[in-house]
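Me: Could you go through the helix packing in this model with me? Please keep the answers plain.

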Amino acid sequence: MARLALLSVSNKTGLVEFARSLQEEFNFEFISSGGTAKVLQNAGLTVTKVADYTGSPEILGGRVKTLHPRIHGGILARRDNSQDIMDLQNNHIRPIDLVVVNLYPFTETIAQEGVTLPEAIEQIDIGGPAMLRASAKNFTYLTVLCDPLQYTEYLQQLRQNNGEVSLQFRQQAALKGFLHTSEYDQAISSYLSNQVSQNQDSKQQFSISGTQVQSLRYGENPHQNAAWYYTGATRSGWAAATKLQGKELSYNNLVDLEAARRIITEFSGTPAAVILKHTNPCGVALGNTLVEAYQKAFNADSISAFGGIVALNQPIDAATATEFTKTFLECVVAPGCEDDAQEIIAAKSKLRVLILPDLQNGAKETIKVIAGGFLVQAADDILTETNKWQIVTEKKPNQKEIQELLFAWKICKHVKSNAIVVSRDRTTLGVGAGQMNRVGSVKIALEQAGEKATGGFLASDGFFPFDDSVRTAAAAGIRGIIQPGGSLRDQDSIQAANELGLTMVFTGNRHFLH
């Protein structure tokens, strides 16, 4: 007797060619639901509609098609169980050898702007997941395929094994089926959870799953295994970036690239460049041109820039590309690259160059793993509104100085706490990162800035608990300070700033980064 395959797919990529091979080479017969049956029939293939096979019409506008004992009995029957075989015979049910199912495009639907809840609800597949799970459960006796990329390997199995499929392949395919339904259910539950409430602390469950982009050579260190995954139905973010050239990306590259992306998104319009090492910026600058911004960022700390990660907010031009060839860099990311610039960069064949047009599109939440669980928080993407700042000193900053303070504040937000940034002329001069006390970060940033600190500005991600940092900054020539405020001894810092002729601004918002 011919083998029976059930084909019911939303994604019909490669389906006709696959079905033709099954029918012509291996004598498969098909049962299919609505749209899938129509596609196969239009291609000249013989197919029995599910409604004709079950004797039950599709009802409720197509909501019920495959939920029938003749379908699920054929899927779930154990071929070596005499009672199961008797049940099939008594109910005129044929065993099904192959189930090819993929699901309604729920995630693609909810990604569209303006989609209503009723529209999303209609894209929740019921029969598909039921068939996938039933088939995956019974992988000992049949094969389930949920991805067009599996078609070729399945045919190879048939051709190489005299029309049979190995148990190992069936089990792997079953696992893929369960992963597919798991991701699908997660997308639905996440969507409905957001419909109920937008507040993270009201969510009783939080799930995350991903599809592997690639395995990585190793993680942070050679003894650590690592892999790269993307979330969602389609590739986005770094998984959708175009790599123009260079070696494969490493775990550390990707972590640094994301940190650099977050900083560069702070700046639009004016050309900006970020150079980063170990997730901390070593040089950030704005310029009248892109090459000027890059040169200023590089000169801010040329020693640390060696082997750094570069992010730009404008397409790479020839002048900037030429600067890249003058030193060793790990990666460069930009929203585009001009043709002549690409030719110049090609001389540095190992330099990884990525194009990510939508640098602004980042994660709305951050996740950290802890023992026995994980933490989830909203991304630190609060808008900086200078009109809400509190100028607490007798000396008031002018508009140009406000912009300089804003520049330093934006950078400080992306430096590991305790974080101090010294800047002038829209360029970082010194960065104190990750110190156990704020005074230590202040000293590091000022020492790095050296004489250039004179007339500069200092940003602190948290308040000053004492006035010692204010006095240290003033002694180095700093003329303006920006900090959140909120210390019990704020008045001491304000008094010191007034005494020493500094301006000081309180933002009211802290920006710790751990």
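**Helix burial and packing**

Reply: Helix α8 (residues 127-137) is largely enclosed by the rest of the structure, because eight of its 11 residues are buried (under 20% relative accessible area, with a 1.4 Å probe and protein chains only). The model is predicted: local features need pLDDT of at least 70, side-chain atom pairs count only at pLDDT 80 or more, and totals for chains, interfaces and linings use all residues. Residues are numbered from 1 along each chain as its sequence is written, and side-chain values use heavy atoms, with hydrogens and water left out.

Me: Which residues in α8 are buried?

Reply: They are G127, G128, P129, M131, L132, A134, S135 and A136.

Me: Next, α1 and α9: at what angle do their axes cross?

Reply: The axes of α1 (residues 15-26) and α9 (residues 151-160) cross at roughly 10 degrees and come within 11 Å. The two helices are therefore roughly parallel (angles under 35 degrees).

Me: And which residues meet there?

Reply: From α1, L15, F18, S21, L22, E25 and F26 meet Y151, Y154, L155, L158 and R159 of α9 (heavy atoms within 4.5 Å). This contact of α1 with α9 comprises eight nonpolar, one polar and two charged residues (Ala, Val, Leu, Ile, Met, Phe, Trp, Tyr, Cys and Pro are nonpolar, Asp, Glu, Lys and Arg charged, and the others, Gly among them, polar).

Me: How far apart are the axes of α18 and α19?

Reply: The axes of α18 (residues 468-475) and α19 (residues 490-500) are 8 Å apart, at an angle of about 20 degrees.

Me: What residues of α18 meet α19?

Reply: V470, R471 and A474 do, against S493, A496, A497, E499 and L500 in α19.

Technical notes
Axes are lines fitted to C-alpha atoms, for helices over the stretch in contact, and angles run from 0 to 180 degrees between N-to-C directions. Helices (H or I, at least four residues) and strands (E, at least two) are DSSP runs, numbered from the N terminus. Angles under 35 degrees count as roughly parallel, over 145 as roughly antiparallel, 65 to 115 as roughly perpendicular and the rest as oblique. Buried means under 20% relative accessible area, exposed over 50%, partly exposed in between (1.4 Å probe, protein chains only).
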